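Thanks for coming. I have one structure to show today, so please take a moment with it before I go through the details.

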Amino acid sequence: MGAATGPAANAAPAVDRLRRSRPAGLHAGARLTSIAGPEAALALVADELGRAEVELRALVVSDVAEVPAIAGYLLDAGGKRLRPALTALGARAVGFEGPVARLMCVGELLHLGSLLHDDVVDDATLRRGRVATHRVHGAPAVVLTGDFCLARAMWLAAQEGGFDAVEALGRTVTEMAEGEVLQLKRAGDLSTTFDTYLDVIDRKSAALISWCAAAGAAAALQRFGRGVGKAFQITDDVLDYATGTGKEPGADLRERKVTLPLIFAMEELPWLRARLVAAPADADVGPWVEAITTTAALDRSLQVAQGFADDAMSALDELPAGEPRDALRVLGAYLVERTR
């Protein structure tokens with residue numbers, strides 16, 4: 001795709017171009033299915049999602065009043081609960097018919113704890129369109145509540161999934177921590193490569209989505225989760241240049257996080273790296289966000305995400321045919337198509 005070189009005329013033209021040029025999205029050429037979209041996919045496990053939501057609220061209850069207040073503040077901010085949905089659909093896709101509501105909460109508790117930690121580390125101002133939790137309740141209590149959620153997740157995995165599930169979750173938490181440390185240590189390192197970026201997002205994002213999809217079992221579901229997880233994170237990084245997402249546009253750039261759009265943009269704009277290095281930490285990133293959206297960086301990033309998503313979808317062919325498998329395919333596509 002061609003790239004413009006002048007200043008941007010609007011906020012995110014590259015995303016708009018992709019929306020127009022690939023209207024069929026990841027569904028192009030796919031077999032017809034009765035699962036028409038993400039709403040239909042989630043409807044398959046609507047009862048389980050309802051029960052999981054009740055369980056999730058109960059799992060953050062504590063005699064220490066600050067814990068449910070802090071966890072509840074972030075839970076009340078919403079969220080799509082896609083990780084619990086992936087756990088339920090993955091279980092149904094491999095033929096498990098027992099109750100899964102509590103197992104569905106494991107990934108969401110871990111995600112909740114990581115969000116609480118991340119916002120403190122990043123000193124974020126917004127999360128899901130609300131003032132970030134640590135700015136309301138204070139950083140120390142929020143970090144410790146994140147630890148509470150992590151401990152709850154491990155305890156619950158042991159209860160509901162047994163040794164294999166908790167062993168796999170332990171590896172996942174280890175990878176997530178490594179990924180976050182790698183990202184933190186490389187903050188502002190504008191020489192970060194494509195391969196290093198992929199290593200970071202595989203650890204810090206894809207590992208958990210993979211565990212949620214497979215709940216510690218089924219290699220095909222683990223591969224699906226890894227591919228979708230990487231595609232999801234790349235798409236999330238593209239959305240950092242969009243408005244109306246509940247986060248400040250350019251937040252990653254402001255924190256000098258080297259994401260795939262920035263890596264590609266610096267290839268096309270030779271002056272960008274030097275400007276970012278020389279600028280003070282509190283510099284206005286608006287002009288740089290505008291310049292990046294005139295390049296092909298966002299389109300190229302989404303094409304990389306497409307490749308990971310394609311690999312994820314091919315892994316599902318190893319599972320028994322049926323609506324749960326179709327729903328995973330549709331839901332996996334949706335996680336990447338959020339820019340449309």
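First, the ground rules. This is a predicted model, in which local features need pLDDT of at least 70 and side-chain atom pairs count only at pLDDT 80 or more, while totals for chains, interfaces and linings use all residues. Residues are numbered from 1 along each chain as its sequence is written, and side-chain values use heavy atoms, with hydrogens and water left out.

Let me start with helix H4, residues 66-76. Helices here are DSSP runs of H or I with at least four residues, strands are runs of E with at least two, and both are numbered from the N terminus. At what angle does H4 pack against helix H8, residues 139-185? The angle is about 85 degrees, and the axes are 10 Å apart. That makes H4 roughly perpendicular to H8. The axes are lines fitted to C-alpha atoms, for helices over the stretch in contact, and the angles run from 0 to 180 degrees between N-to-C directions. Under 35 degrees counts as roughly parallel, over 145 as roughly antiparallel, 65 to 115 as roughly perpendicular, and the rest as oblique.

Which residues meet there? From H4 they are Val67, Ile70 and Ala71, and from H8 they are Ala141, Val142, Thr145 and Phe148. Contact means heavy atoms within 4.5 Å. As a reminder, an α-helix has 3.6 residues a turn, so residues three or four places apart point the same way.

The buried residues of H4 are Val67, Ile70, Ala71, Gly72, Tyr73, Leu74 and Leu75. Buried means under 20% relative accessible area, exposed means over 50%, and partly exposed is in between, with a 1.4 Å probe and protein chains only. Besides H8, the buried part of H4 packs against helix H3 (46-59), helix H6 (101-122), strand E1 (126-127), strand E2 (130-131) and helix H7 (133-137). After H4 comes Gly78, with a positive phi near 105 degrees.

Now the charges. How many salt bridges does a search of the whole structure find? The count is 23. A salt bridge is a side-chain nitrogen of Lys or Arg within 4 Å of a carboxyl oxygen of Asp or Glu.

Take Glu53 and Arg81, a salt bridge whose closest N and O atoms are 2.9 Å apart. This pair links distant parts of the chain, 28 residues apart: Glu53 is in H3, and Arg81 is in the loop between H4 and helix H5 (82-93). Glu53 is partly exposed at 25% relative accessibility, whereas Arg81 is buried at 10%. Both belong to a network of salt bridges that links Glu53, Arg57, Asp76, Arg81 and Glu108.

Glu108 itself lies in H6 and is buried, at 4% relative accessibility. Its side chain makes a polar contact of 3.4 Å with the side chain of Arg81. A polar contact is a pair of N or O atoms within 3.5 Å; within protein, one must be able to donate a hydrogen and the other to accept it, and residues adjacent in sequence count only if both atoms are side-chain atoms.

Next, Glu178 and Arg203 form a salt bridge with the closest N and O atoms 2.6 Å apart. Glu178 is in H8 and Arg203 in helix H9 (residues 194-214), so the pair ties together parts 25 residues apart in sequence.

A further salt bridge joins Lys230 and Asp202, at 3.8 Å from N to O. Lys230 is in helix H10 (residues 219-239) and Asp202 in H9, 28 residues apart. Are these two buried or exposed? Both Lys230 and Asp202 are buried.

Leaving out residues up to four places away in sequence, Ala207 touches Thr172, Glu175, Asp202 and Arg226.

Last, Arg325, in helix H16 (residues 323-336). Arg325 is buried yet has no salt bridge, and the nearest side chain of opposite charge, Asp326, is 4.4 Å away. For charge, Lys and Arg count as positive and Asp and Glu as negative, with His and the chain ends not counted. A polar atom of the Arg325 side chain does lie 2.9 Å from the backbone oxygen of Leu319.
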